[in-house]
Each structure stands twice: as structure tokens, then as C-alpha cells.
Amino acid sequence: MAVTAEEFRQGMRRLGGAVNIVTASDGTVWAGLTATAVTSLSAEPPKLLACINRQGVTYDIVSRGRTLAVNVLGCKHQALAMRFAGLSGEPETERFKDGDWAPGVTGAPLLADALVGFDCRVESILDAGSHAIVIGNIEAIHVAPGMTDDPLCYIDGKWATLTALPE
Ligand SMILES: Cc1cc2nc3c(=O)[nH]c(=O)nc-3n(C[C@H](O)[C@H](O)[C@H](O)COP(=O)(O)O)c2cc1C
């Protein structure tokens with residue numbers, strides 16, 4: 001029997017992950033969304049991928065502007081993560097009103113105090129159903145000096161973090 005969307009969602013709740021804000025610019029408009037479906041892809045040349053819902057505003061700007069930035073969040077960014085997931089009750093146009101955002105070399109917005117920001121130009125977009133796989137060539141990386149915060153994660157419908165196991 002085919003797996004239903006609900007079964008898929010229930011299963012994916014167990015696949016915990018780091019929380020990011022994926023942003024884009026088309027030269028005029030900024031857009032961004034909270035995303036866990038972000039993966040390292042290639043070291044040489046440096047590439048990553050993000051899976052983005054094709055129905056959303058961010059996908060429109062990613063495909064039009066061919067830019068993509070991945071801002072890896074710390075626990076202090078939980079409220080921001082909720083806003084960029086559409087969970088704060090605020091309109092989409094208000095997403096960038098808090099936080100120290102500035103365009104990177106590609107024009108996509110970078111969050112100054114992210115754990116790390118990857119500034120990418122879109123190499124290719126693969127249609128994969130409800131979501132698209134967006135492959136980005138990494139043009140610049142902004143790494144915070146030291147781990148300034150614990151990583152923000154999401155598992156089983158809850159915000160969480162990672163802690164190191166005893167040696
Ligand atoms: C923890 C968490 C992780 C998410 N991961 C993704 C993701 O990887 N890709 C995606 O397209 N949407 C993801 N979403 C949903 C989007 O953040 C949400 O639908 C957002 O409002 C879409 O904005 P848009 O209309 O600008 O595309 C996630 C939401 C949460 C709460």
C-alpha cells in the first residue's frame with residue numbers, strides 16, 4: 001500500500017535536525033523560511049542543497065533570483081525560527097523586521113549572529129514533488145567565532161538542542 005502524506009509526516013517527526021533560515025533575494029524582494037531539510041553536498045567544489053516547498057513565496061524568489069543563503073540558528077533564534085515558519089501569527093512581509101540582516105555577496109540576506117551563514121548562487125533546481133531540491137554553489141561562508149550558542153534543533157514537533165555525550 002502507498003505511504004500517505006500523514007504517514008510520511010509522522011515518520012519525519014522522528015528525523016530530528018538542525019534548524020536554519022533559508023533566505024533569497026531577487027534583487028528587490030527578500031524572502032525566507034525556516035527549514036530543516038538542508039544538507040551538505042560537495043566539498044570540492046563547495047555545494048549544499050535545500051528542499052523547499054514549491055507553493056511558497058520563498059521558492060518564487062529562489063527560482064527568480066537564483067540566490068540562496070542558509071543561516072544556521074542557535075537557541076536564541078527560536079522566536080525568529082517560529083516567525084519564518086509562519087507560526088508567530090505575523091504577516092510574511094514582517095519576517096525580516098527583527099534580527100541583524102544584511103545582504104551577502106549574492107544579495108541573499110545573512111543573519112549577523114547565525115552560527116554560520118552559507119551564501120550561495122543557485123546552480124540547479126530539481127522538481128521532486130511538493131518540494132524542490134535546490135542546489136547552491138557556496139560563494140562565501142561567515143562562521144561565528146567560537147560556538148556562541150547551542151544549536152537550535154527540531155524533533156517530534158518540539159524545539160530542542162544537541163548536547164555532547166560524556167566521553
Ligand atoms: C522546524 C521546521 C522545519 C521546516 N522545514 C522546512 C523545509 O525544510 N522546507 C520547507 O519548504 N519548509 C519547511 N518548513 C515549513 C516552512 O518554514 C513554512 O511553511 C514557511 O511558512 C514557508 O514560507 P514561504 O511561504 O515563504 O515559503 C519547516 C517548518 C518548521 C517549523
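Pockets and their surroundings

A: By class, the lining of the second largest pocket has 6 nonpolar, 4 polar and 1 charged residues. Here Ala, Val, Leu, Ile, Met, Phe, Trp, Tyr, Cys and Pro count as nonpolar, Asp, Glu, Lys and Arg as charged, and the rest, including Gly, as polar. The model is predicted, so local features need pLDDT of at least 70 and side-chain atom pairs count only at pLDDT 80 or more, while totals for chains, interfaces and linings use all residues. Residues are numbered from 1 along each chain as its sequence is written, and side-chain values use heavy atoms, without hydrogens or water.

A pocket is an open set of points on a 1 Å grid over the protein atoms alone, where a 1.4 Å probe fits and protein lies on both sides within 12 Å along at least five of seven lines; lining residues have an atom within 4 Å of a point. The second largest pocket has a volume of about 160 Å³, a volume being the space filled by probe spheres set on the points, which are joined across faces, edges and corners. Its lining consists of Asn20, Val38, Thr39, Ser40, Ser42, Lys47, Leu48, Val70, Val72, Phe118 and Ile138. Two or more of the lining residues come from each of β4 (38–42), β5 and β6 (67–72). Strand β4 gives the largest share, 4 residues. Helices (H or I, at least four residues) and strands (E, at least two) are DSSP runs, numbered from the N terminus.

The chain between two of these strands has a feature of its own. Pro45 sits in the loop between β4 and β5, and the peptide bond joining Glu44 and Pro45 is cis, with omega about 0°. The loop between α2 and β6 holds Arg66, whose phi is near 55°, a positive value in a residue other than glycine.

Lys47, one of the residues lining the second largest pocket, also forms a salt bridge with Glu123, with 2.7 Å between the closest N and O atoms. The pair ties together parts that are 76 residues apart in sequence, because Glu123 lies in strand β9 (residues 116–127) and Lys47 in strand β5 (residues 47–53). A salt bridge is a side-chain nitrogen of Lys or Arg within 4 Å of a carboxyl oxygen of Asp or Glu. Lys47 counts as buried because its relative accessibility is 18%, and Glu123, at 35%, counts as partly exposed. Buried means under 20% relative accessible area, exposed over 50%, and partly exposed in between, with a 1.4 Å probe and protein chains only.

Now to the largest pocket. About 1,200 Å³ of space lies in the largest pocket. Its lining has 34 residues, and those nearest its centre are Met12, Ala35, Thr36, Ala37 and His131. The elements giving two or more residues to this lining are α1, β3, β5, α2 and β11. By class, 18 of the lining residues are nonpolar, 11 polar and 5 charged.

Met12, which belongs to helix α1, is partly exposed at 39% relative accessibility.

Arg13 pairs with Asp156, the closest N and O atoms being 3.4 Å apart. Arg13 is in the loop between α1 (5–12) and β1 (17–18) and Asp156 in the loop between β11 (153–155) and β12 (158–160), 143 residues apart. Arg13 is partly exposed at 36%, as is Asp156 at 31%. Asp156 also has a positive phi of about 55° although it is not a glycine. The side chains of Arg64 and Asp26 form a further salt bridge, 2.9 Å from N to O. Arg64 is in helix α2 (residues 57–65), and Asp26, 38 residues apart from it, is in the loop between β2 (20–25) and β3 (30–35). Arg64 counts as exposed at 54%, and Asp26 as partly exposed at 23%. The structure holds 12 salt bridges.
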